[in-house]
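Subject: Structure handover

Hello,

I am passing this structure on to you. Please look through it first; my notes on what was found follow below.

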Amino acid sequence: MNRGYILVIAFISVVLIWSTTPLAIKWSGEDVGFLFGVTLRMFIGAVLSLVLVLLYYRRLPLHRTACHVYFAAGTAIFGAMLAVYWGAQYISSGLVSVVFGMTPIVTAFIAAKVLQEHSLSLFKLAGSMIGIAGLVVIFSEQLDLGEHAAWGITAVLVSVLLHSISAVWIKRINSGLPALVITAGGLAFALPLFIMVYAVFAGPLPDSLPLRPVWSIVYLGIMGSVVGFVCYYFVLANMNVSTVALITLITPVLALWLGYFFNGENINVAVIGGTALVLSGLVIHQWGGRLKR
């Protein structure tokens with residue numbers, strides 16, 4: 001298959017998987033605790049990805065550059081996932097997606113400073129701001145802010161920062177490692193950290209495992225932690241890093257419309273207007289400079 005088609009498929013896969021992730025994260029912690037959900041997810045993802053690496057590549061590379069990449073990926077997986085799982089206890093899955101919409105601006109700023117990418121042009125910045133404004137409009141009437149919402153929002157913002165730093169860091173290393181290898185190495189690095197945190201803070205294992213959390217954890221472990229990360233790192237290696245970050249502008253809108261079609265969730269004028277803003281922002285970010293020329 002043509003490499004361009006593979007890149008498109010990988011990009012779409014990331015969008016679809018990330019669209020369903022916030023709700024699955026909330027479900028995965030129901031009655032079992034968020035630490036159990038994220039730790040079991042990482043265990044499933046690490047084991048599966050390592051098995052696939054051994055089947056396809058016979059071994060996991062452990063040279064200096066490879067270990068550097070695993071450290072960059074693993075620290076972000078640990079810090080970003082722990083922060084977003086904790087924060088998701090206090091805010092809605094929609095608000096998690098809205099806050100993650102800040103990723104393009106954060107990533108573009110870091111990439112401009114570290115990689116000297118021309119990602120902070122007026123059109124790109126304006127497009128990102130319009131897209132984020134659209135996300136705020138979409139979820140403005142759906143935010144159920146509780147007593148600890150500020151802490152939840154702050155935690156997700158920390159996750160955004162770590163995710164952006166990791167993306168630029170891995171891009172700068174430019175190791176040439178396959179996406180599956182980076183995923184396996186990053187998860188293998190992060191898993192012991194999750195286990196230690198669970199052992200210290202979570203206490204005994206849950207007495208029972210309801211079906212919805214179990215299936216959510218399995219989905220996140222396979223699709224979110226392996227398939228999603230493999231596609232993400234493949235796209236990251238072949239696209240401008242600030243363009244890859246635009247995925248986080250698309251996914252909240254797609255998640256909302258999927259909920260409307262498949263779960264009967266309400267769509268109002270604010271949602272339609274916000275969706276139009278997001279799409280306009282994406283067009284301006286991607287093609288504003290070209291259209292001007």
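The second largest pocket holds about 430 Å³ of space in this model, which is predicted. Its lining consists of 23 residues, and Leu177, Tyr233, Phe234, Ala237 and Asn238 are the closest to its centre. Two or more lining residues come from each of H1, H7, H8 and H9. H9 has the largest share of this lining, with 7 residues. By type, the lining of the second largest pocket splits into 16 nonpolar, 5 polar and 2 charged residues.

The structure has 2 cavities of 30 Å³ or more, and the largest cavity has a volume of about 440 Å³. Around the largest cavity there are 26 lining residues; nearest its centre lie Trp18, Thr21, Met81, Phe100 and His163. Several helices supply at least two residues each to that lining: H1 (3–28), H3 (64–87), H4 (93–100), H7 (149–173), H9 (211–238) and H11 (247–263). H3 gives the most, with 6 residues. The lining of the largest cavity is made up of 17 nonpolar residues, 8 polar ones and 1 charged one.

Then the packing. The largest nonpolar core counts 76 residues, and Ile77, Met81 and Tyr233 have the most contacts inside it. Helix H8, residues 179–201, gives the most to this core, namely 11 residues. Two of these names have come up already: Met81 is among the residues nearest the centre of the largest cavity, and Tyr233 is among those closest to the centre of the second largest pocket.

Which residues does isoleucine 77 touch, leaving aside its neighbours within four places in sequence? Isoleucine 77 is in contact with Met42, Leu82, Gly186, Leu187, Ala190, Phe194, Phe229 and Tyr233.

Last, the cysteines. How many disulfides does a search of the whole structure find? The search gives 0. Is cysteine 231 buried or exposed? Cysteine 231 counts as buried because its relative accessible area is 13%, and the cut-off for buried is under 20%. Cysteine 67 has a relative accessibility of 36%, so it counts as partly exposed; that class lies between the 20% limit for buried and the 50% limit for exposed.

Regards

Key:
Residues numbered from 1 in each chain as written. Predicted model: local features only at pLDDT ≥ 70, side-chain atom pairs only at ≥ 80, totals over all residues. Heavy atoms only, no water. 1 Å grid on protein atoms, 1.4 Å probe; cavity = no way out; pocket = protein on both sides within 12 Å on 5 of 7 lines; lining within 4 Å. Points joined across faces, edges and corners; volume = space filled by probe spheres on them. Helix = DSSP H or I, 4+ residues; strand = E, 2+ residues; numbered from the N terminus. Nonpolar A, V, L, I, M, F, W, Y, C, P; charged D, E, K, R; others polar. Core = buried A, V, L, I, M, F, W, Y, C linked by side-chain atoms within 4.5 Å. Buried < 20%, exposed > 50% of the residue type's maximum accessible area, 1.4 Å probe, protein only. Contact = heavy atoms within 4.5 Å. Disulfide = S-S within 2.5 Å.
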